[in-house]
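Here is a structure to explore together. Have a look around, and then we'll start from the inside.

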Amino acid sequence: MLVSATEMLKKAKAGKYAVGQFNINNLEWAKAVLLTAQENNSPVILGVSEGAGKYMGGFNTVMGMVNGLIKDQNITVPVAVHLDHGSYDGAKNALAAGFSSVMFDGSHYPIDENIAKTKELVELAHSQGKSIEAEVGSIGGEEDGVVGKGEVADPQECKLIADLGVDMLAAGIGNIHGSYPENWPGLEFGALDDIQKLTGDMPLVLHGGTGIPEDMIQKAISLGVSKINVNTECQLTFAAATRKYIEEGKDQQGKGFDPRKLLAPGFQAIKDTVKEKMELFGSVGKA
């Protein structure tokens with residue numbers, strides 16, 4: 001069932017586990033994530049970047065697809081459709097299209113402008129019964145062409161944004177999007193602890209969940225992280241499974257590739273990855 005992310009993340013914070021946000025890029029990804037959530041009785045967040053939304057035909061198309069899957073596949077676990085790293089206008093458009101949650105990434109603005117824009121979007125989202133995530137401290141790596149260097153957020157600035165009434169807060173603690181380099185120094189747990197102390201019950205969000213060692217994931221959850229984003233790992237496993245299928249020459253039969261068969265290995269790879277992450281995050285059985 002489609003819901004905002006507010007209650008599922010409050011429960012996760014109280015229960016010391018995290019809900020996975022798994023970004024989707026097409027029908028196979030959305031169906032794989034939803035079915036895995038249902039099979040594991042886990043709440044789940046479908047992340048949609050503005051670029052992915054455009055690729056899939058637009059925000060209204062995304063919502064039509066997801067709502068159809070929820071109905072036709074009998075998905076009863078809590079599901080939030082969440083705009084990932086949304087712009088100011090993107091957040092408004094996603095809410096208008098029926099997204100149940102949005103992220104406004106104002107981290108590249110001066111803090112005063114970030115606060116002003118976040119405050120306006122909080123009021124808009126909450127007037128519709130939807131949840132909103134804000135960000136302080138740019139997350140490293142590349143997300144739809146936007147490059148960040150893995151900043152560590154200022155805890156006082158985090159409190160300023162949290163006090164605006166956002167439902168979750170993404171605070172940069174040295175994490176990055178994409179694969180982590182060998183010389184990555186790890187997460188800044190001291191900063192995370194300081195942020196949690198100042199933001200209290202606010203669910204914290206860890207972006208860049210691919211490649212972070214399991215012990216760091218567990219420690220981050222113990223320090224208030226209640227939502228963890230996974231995208232790159234799903235991309236890698238989907239691509240690898242599809243590539244293997246093609247290289248092995250299956251399904252040719254003189255007629256070319258049947259797309260339903262071509263994408264089946266990638267579909268299963270997404271399911272396997274999502275299940276593994278749900279078990280790691282502790283969300284299995286928490287719907």
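Which element gives the largest share of the lining of the largest cavity? That's E9, with three residues. Keep in mind that this is a predicted model, where local features need pLDDT of at least 70, side-chain atom pairs count only at pLDDT 80 or more, and totals for chains, interfaces and linings use all residues. Residues are numbered from 1 along each chain as its sequence is written, and side-chain values use heavy atoms, leaving out hydrogens and water.

Back to that cavity. A cavity here is a set of points, on a 1 Å grid over the protein atoms alone, where a 1.4 Å probe fits but cannot get out, and lining residues have an atom within 4 Å of a point. Among the residues lining it are Leu169, Ile195 and Val225.

Now zoom out to the barrel. Eight strands close it in the order E1-E2-E3-E4-E5-E8-E9-E10, with parallel pairing. Strands (E, at least two residues) and helices (H or I, at least four) are DSSP runs numbered from the N terminus, and two strands pair if DSSP finds at least two bridges between them. Between E5 (residues 131-136) and E8 (residues 168-171) there are four bridges, and Ala134 sits opposite Leu169 of E8.

Finally, visit Ser226 in strand E10. Ser226 has a relative accessible area of 0%, so it counts as buried (under 20%, with exposed over 50% and partly exposed in between, using a 1.4 Å probe and protein chains only).

Methods. On a 1 Å grid over the protein atoms alone, a cavity is a set of points where a 1.4 Å probe fits but cannot get out, and a pocket is an open set with protein on both sides within 12 Å along at least five of seven lines; lining residues have an atom within 4 Å of a point.
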